[in-house]
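I opened the notebook today to look up a few things in this model. Here are my entries, in the order I made them.

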Amino acid sequence: MGSGFLHRAAAACPADLLARAKERGTCRLLVVRAAALPMEAAFEAVQADIAEPVLVGEPEIIKAEAEKLGWIVPDDSIIPAVGEAEAASVSADLLRRGLAGEGPEINAVMKGQLHTDVFMGALLDKSVGLRTGNRLVHVFAIFPPDGSAPVMVSDAAVNVAPDDKTKQQSMTQMARLSPLIGQDRPRLAVLSATETPIESMPASLEAARQADWARAHLSEVDVSGPLSFDLALSATSVELKGLVGDDVAGRANCFLLPEIVAGNILYKAFVYLGGGCAAGIVVGGAVPVLLTSRADPPAARLASVALAAVAC
């Protein structure tokens, strides 16, 4: 049965995000080891006119899944590769050649039916060119079921214990993505369990330090930290606690988390308790990377493709 707190309505991919992706032009999406679930997302992206997939994997599997979907895939969009390792290697070479101008351009890469370590291991080889000198960070854009403006959460899926530079990259990327996904202005909350930096809670001191960095380096962002989650999101809590003069409190739309466990819990709370549609991508490299999960609903997969198209 599940808890009464669970939101039972199926989240939909936001129409506004799809429209923004379409405005940016067709995204050439490399799907690494294409199979049932990633192909469903790729097909929906084709139908939404936001992506042109390149499908790497076993041709017979790709064609069988395409037939189930009623998708006529051009033969030149299928790149043969057998097994996880070969699919990852072939895809990494396609990306390398695209980034070097030696082959067709690749705008985003989606993980298909293979293990994440195999997928990322091939892409992160120095010869590929995905790394640009920046830290790679994961950002979720989470769209409320009522159609209001989204929030962003970082880092909930890639960096286990992000250092200062990684957190700074997360804040920079959220600031960059903010206008692209429909936020009126990025209002960044550097989260902790208290709004006061105290020695007994080292995470609060670190949050204060990161907030100071953001104020100094991100001019188009309102910043507050440390800030507890209730004060970040609830205007009622702000009023009850008498917090004044804070442009972010009660109105935050970008959340920097102290480490991956907190980030993962918060994003899943937005989804499973709040009914949000979560679009997730890895940014900071030459192109966005989509780390899709088997647990992701179809709407979230499509939204992730749309977010990648917007972020290209």
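Which residue is the bridge partner of V32 in β4? I found K111 there. Before going on, I noted that this is a predicted model, in which local features need pLDDT of at least 70 and side-chain atom pairs count only at pLDDT 80 or more, while totals for chains, interfaces and linings use all residues. Residues are numbered from 1 along each chain as its sequence is written, and side-chain values use heavy atoms, with hydrogens and water left out.

**Entry: strand β1**

I looked up the pairing of β1 (residues 27-32) next. β1 and β4 (residues 108-111) run parallel, paired over four bridges. β1 also pairs in the parallel sense with β2 (residues 51-57), over six bridges, and C27 stands opposite A51 there. For my own reference, two strands pair if DSSP finds at least two bridges between them; strands are DSSP runs of E with at least two residues, helices are runs of H or I with at least four, and both are numbered from the N terminus.

I then followed the chain from β1 through helix α2 (residues 36-47) to β2, and the three make a right-handed β-α-β unit. Right-handed here means that, with the strands pointing away from the viewer, the path from the first strand over the helix to the second runs clockwise.

Is β1 buried or exposed? Six of its six residues are buried, so β1 is largely enclosed by the rest of the structure. My cut-offs were under 20% relative accessible area for buried, over 50% for exposed and partly exposed in between, with a 1.4 Å probe and protein chains only. C27, L29 and V31 point one way, R28, L30 and V32 the other way, and all are buried. In a regular strand the side chains alternate between the two faces of the sheet.

**Entry: N159**

I moved on to N159, in the loop between β6 (151-154) and α6 (164-177). N159 is buried, at a relative accessible area of 17%. What does its side chain reach at 2.9 Å? I found the backbone oxygen of L136. The N159 side chain also makes a polar contact with the side chain of D155 at 2.7 Å (a pair of N or O atoms within 3.5 Å; within protein, one must be able to donate a hydrogen and the other to accept it, and residues adjacent in sequence count only if both atoms are side-chain atoms). Leaving aside neighbours within four places in sequence, N159 is in contact (heavy atoms within 4.5 Å) with L136, V137, T166 and I260.
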